[in-house]
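Here's a quick briefing to read with the model open beside you. Take it topic by topic and find each residue as you go.

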Amino acid sequence: MITLTYQYKLNQTQQQEIEINHILDVCKSVYNYALRERKDWSSARKSPINSCSIVSEYIIPADAPYPNYNHQAKNLTIAKKIHPKLKSVNAQVLQQTLKILDRAFSDMKSQGKGYPRFKKKLRSFVFPAMLKNCLGNNRVKLPQLGWIKIRQSRPYPDGFQAKQARIVKKASGYYLMIIFTSSELLPDNPVGKKSLGIDAGIESFVATSTGKLIKSPKFLFSQLRELKLLQRRLNKKKKGSNNWLKLQKKIAKIHEKIANTRRDWHFKLAHELCDNTDNIFVEDINFNSWSRGIVRKQSNDSGIGQFINEILPYICWKRGKYYGKVDKNYTSQECPKCGQIEKKKLSDRKHNCSNCGYEINRDIAAAKVIRNRGLIAVGHAVKEKLVEMV
């Protein structure tokens with residue numbers, strides 16, 4: 001199955017905007033109530049059976065079942081009869097909110113993520129099922145909202161069916177993200193002749209095995225002066241006042257502009273890298289640890305994790321290029337020519353092999369090692385070396 005997500009800006013009416021904000025508010029209340037219910041159930045079972053907690057907690061019977069998704073969805077149906085506010089929102093939207101919370105708890109246990117937090121604001125909600133004949137020219141029909149105008153910046157994909165819709169509230173307005181699905185199955189992209197290794201650098205954004213050092217534009221740093229000025233003004237305003245809200249909106253718009261500029265540059269770079277190669281190999285790195293390490297500022301500003309793990313594999317799939325990940329260990333220490341391990345400090349920016357005398361930029365050497373490991377993984381090492389000799 002192929003899944004595509006298209007984003008369009010909404011041109012909603014004033015009544016539709018009020019309705020969207022109402023849905024967001026009710027979904028936030030449902031999410032926070034369900035989270036509170038789970039936390040209370042867990043807190044009631046923290047103390048030993050023969051002692052009491054020094055912190056006041058709700059007393060919940062020992063035989064009370066854990067409030068998982070099924071339990072909370074059943075209680076939501078009962079609560080809708082008592083609270084008319086819940087009845088004013090599409091039932092599937094509220095159920096999807098409970099599923100998001102349930103997924104957060106699953107990720108906490110399986111992936112070691114933090115405990116889910118209460119929401120001050122909810123910025124999106126999902127319609128898990130679309131109506132029949134819901135796609136029109138510059139408009140989309142949604143449950144509860146009816147026909148809503150969009151800026152159709154690109155045509156709907158042919159041969160695909162609209163499966164889900166998500167409305168997202170951003171600083172620049174409201175956006176509709178439609179998920180299109182197709183039942184067709186596509187085979188994995190085959191391995192080609194030309195190969196490219198990409199190393200996530202420190203001084204540069206990425207280094208390629210062809211010898212290129214691509215530097216990232218200073219997305220955040222270019223707007224840092226204006227952001228600091230606005231944040232200083234914000235500190236002097238009364239929290240919650242109209243002027244405070246106006247400045248908050250200005251700051252949010254700048255951050256959205258930075259994110260859009262970064263994402264656009266990532267897509268252009270991914271296409272540029274795919275132009276002259278058939279296979280792309282990268283390191284299998286956990287970029288979350290990068291964002292907490294020495295290079296956290298550079299990593300967060302450049303968005304290297306988003307580029308390597310999301311955008312580049314998507315563009316490779318779209319253009320029929322092979323994308324693969326290799327072992328990250330000792331890529332910067334290994335000599336790409338003879339395989340000798342040369343230990344280096346982080347400050348050493350040159351690779352100088354004591355065994356074969358090969359000298360090159362450290363990041364480019366790592367990219368060549370990544371390329372060699374990728375070729376070995378797909379079984380093309382011998383063939384590629386013969387091509388290089390010719």
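This structure, which is a predicted model, holds 0 disulfides, a disulfide being a pair of cysteine sulfur atoms within 2.5 Å. Cys 27 is in no disulfide, and the nearest cysteine sulfur, in Cys 134, is 20 Å away. Because this is a prediction, local features need pLDDT of at least 70 and side-chain atom pairs count only at pLDDT 80 or more, while totals for chains, interfaces and linings use all residues. Residues are numbered from 1 along each chain as its sequence is written, and side-chain values use heavy atoms, with hydrogens and water left out.

**Cysteines**
- Cys 27 has a relative accessible area of 0%, so it is buried (buried means under 20% relative accessible area, exposed over 50%, partly exposed in between, with a 1.4 Å probe and protein chains only).

- Seven strands make an open sheet with antiparallel pairing, in the order β2-β6-β7-β1-β5-β4-β3 (strands are DSSP runs of E with at least two residues, helices are runs of H or I with at least four, and both are numbered from the N terminus).
- Strands of a sheet pair through backbone hydrogen bonds, either parallel or antiparallel; to count as a pair here, two strands need at least two bridges found by DSSP.
- The edge strands, each pairing on one side only, are β2 (124-127) and β3.
- β1 and β5 run antiparallel and are joined by 3 bridges, and Lys 9 stands opposite Arg 151 in β5.

**Around strand β4**
- On one side, 2 bridges link β4 to antiparallel β3 (residues 135-136), where Gly 136 has Arg 139 as its bridge partner.
- The β3-β4 hairpin has 2 residues between the strands, and Asn 138 takes a positive phi near 60 degrees.
- β4 also pairs with β5 (residues 146-151), antiparallel over 4 bridges, and Val 140 faces Ile 148 there.

**Aromatic rings**
- The whole structure has 12 aromatic pairs (ring centres of Phe, Tyr or Trp, using the six-membered ring of Trp, lie within 6.5 Å; planes under 30 degrees apart are stacked, over 60 edge-to-face, and the rest tilted).
- Tyr 6 and Phe 180 make an edge-to-face pair, with 5.6 Å between centres and 75 degrees between planes.
- Tyr 6 is in β1 (residues 2-11) and Phe 180 in β7 (residues 173-182), so their pair ties together parts 174 residues apart in sequence.
- Both Tyr 6 and Phe 180 are buried.
- Trp 41 and Tyr 66 are edge-to-face because their planes sit at 80 degrees, with centres 4.9 Å apart.
- Trp 41 lies in helix α1 (residues 14-43) and Tyr 66 in the loop between α1 and α2 (69-82), so that pair ties together parts 25 residues apart in sequence.
- Tyr 66 is partly exposed, at 26% relative accessibility.
- Tyr 6, Tyr 8, Tyr 156 and Phe 180 form one aromatic cluster.
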